[in-house]
Amino acid sequence: MKYNTRMIIKSIMLKFHVYSIFQNIYRLHYKYLHLKSEYQSKKRANGKIDKDYLKLKEYQNIHKGERCFIIATGPSLILSDVEALQNEYTFSMNSICKLFDDTDWRPTYYVIQDHKVFDKLKDDKNFQSIEKKIVADFIFREQKIEKSDYIRYPLDHLDHMDIKKHTLPQKFSDDAYVCVYDGWTVTYSAMQIAVYMGFTEIYLLGCDCDYSGDKQHFVDYGIKVTDNPENHMISAYQVAKEYADTHGIKIYNATRGGKLEVFERVNLDDVLQKNPE
């Protein structure tokens, strides 16, 4: 009996040891990717021409001084709000294409950076119909896709893939050609890209920042968030607000509900009744 107990304990310890080894390999892999991304970013910042991101560079400051709406896919999003933005510049992301059968509205720009979401949507006819898809570069490492079909952007995950033990400070980039920093949500990347394009008035919609309920997105499409990233996301949004407040950029939250209180809340109907500032 003692021998069996000893063997069981030894087996459990061995399993934990193997698990620990794989955890460390996983962390080292993403640390390497961060250092590589940082190295390449510095080269672009110093004037290196990087052909992978030249499509994105064409959009620098093309919307200088204008306003845009970043439409996230939280459960508060409703079709009538989206349709009210027909004549506005809009960014959206991920499962927004699931709305397309019910509306003529299409986002001006579409951003995606989760390779699992990309894999889930890539064969969807509505996803394929989107004209300006802005895709994180690391997806090209995970998926065999034709580069020429997308606007590619350089995403630095920092060390956020290890969500419980991240130590690097959050950053906000004003030059998406050089780098876009991860903020635990594609919405954060869309904000940096919007700033790069010159938008100075940004409204968030459907940005609930709350995954605690059974309904996490406006439509279920098989992707479930299980790592409770809300606090990390809010800390990133605080960095975005600090950047905006010191660079003449206004960011507002027009989401109907949710838990994001970093930005001043506004009513979408009131915003649409006034002319852009």
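Ile71 has Ser92 of strand 2 as its bridge partner. In this predicted model, strand 1 (residues 67-71) and strand 2 run parallel and are joined by 3 bridges. The protein as a whole has 9 helices and 10 strands, and 48% of its 277 residues are buried.

**The sheet around strand 2**

- Strand 2 spans residues 90-93, with Thr90 and Ser92 pointing one way and Phe91 and Met93 pointing the other.
- Within strand 3, Val111 stands opposite Met93.
- The open sheet has 8 strands in the order 5-4-3-2-1-8-9-10, and the pairing is parallel.
- Its edge strands, strand 5 (151-153) and strand 10 (264-265), each pair on one side only.
- Strand 5 is joined to strand 4 (residues 133-136) by 3 bridges, and the two run parallel.
- Ile151 of strand 5 stands opposite Ile134.

**The nonpolar core and Tyr237**

- The largest nonpolar core holds 78 residues, and Phe91, Ile202 and Tyr237 touch the most other members.
- Helix 7 (residues 186-196) gives the most to this core, supplying 8 residues.
- Nonpolar side chains tend to be buried together in soluble globular proteins.
- Beyond its neighbours within four places in sequence, Tyr237 contacts Thr185, Thr187, Tyr188, Met191, Cys207, Cys209, Leu260, Val262 and Phe263.

- Thr185 lies in the loop between strand 7 (180-181) and helix 7.
- Because its relative accessibility is 11%, below the 20% limit, Thr185 counts as buried.
- Not counting residues up to four places away in sequence, Thr185 touches Gln113, Met233 and Tyr237.
- Asp114 lies in the loop between strand 3 and helix 4 (115-121).
- Asp114 has a relative accessibility of 34% and therefore counts as partly exposed.
- Thr185 and Asp114 are 71 residues apart in sequence, while their C-alpha atoms are 9.1 Å apart in space.
- Val186 and Asp114 are 72 residues apart in sequence, with a C-alpha to C-alpha distance of 8.0 Å.

**Asparagines with positive phi**

- Asn61 has a positive phi of about 60 degrees, although it is not a glycine.
- Asn61 is found in the loop between helix 2 (54-57) and strand 1.
- With a relative accessible area of 40%, Asn61 is partly exposed.
- Asn94 also has a positive phi, near 45 degrees, and is likewise a residue other than glycine.
- Asn94 lies in the loop between strand 2 and strand 3.
- The relative accessible area of Asn94 is 12%, so this residue is buried.

**The second largest pocket**

- The second largest pocket contains about 360 Å³ of space.
- Its lining consists of 20 residues, and Lys36, Gln40, Tyr53, Asp137 and Arg141 lie nearest the centre.
- Helix 1 (2-45), helix 6 (137-142) and strand 6 (155-156) each supply at least two lining residues.
- Helix 1 gives the most to this lining, with 7 residues.

**Contacts and surface of the whole protein**

- Among contacts with a separation of 6 or more, 60% are between residues 24 or more positions apart.
- The protein exposes about 14800 Å², of which carbon and sulfur atoms supply 51%.

Technical notes
Residues are numbered from 1 along each chain as its sequence is written. This is a predicted model: local features need pLDDT of at least 70, side-chain atom pairs count only at pLDDT 80 or more; totals for chains, interfaces and linings use all residues. Side-chain values use heavy atoms; hydrogens and water are left out. Buried means under 20% relative accessible area, exposed over 50%, partly exposed in between (1.4 Å probe, protein chains only). Helices (H or I, at least four residues) and strands (E, at least two) are DSSP runs, numbered from the N terminus. Two strands pair if DSSP finds at least two bridges between them. Contact means heavy atoms within 4.5 Å. Accessible areas come from the Shrake-Rupley method with a 1.4 Å probe; for residues, only the protein chains shown count as cover. A nonpolar core is a set of buried Ala, Val, Leu, Ile, Met, Phe, Trp, Tyr and Cys residues joined through side-chain atoms within 4.5 Å. On a 1 Å grid over the protein atoms alone, a cavity is a set of points where a 1.4 Å probe fits but cannot get out, and a pocket is an open set with protein on both sides within 12 Å along at least five of seven lines; lining residues have an atom within 4 Å of a point. Grid points are joined across faces, edges and corners, and a volume is the space filled by probe spheres set on the points.
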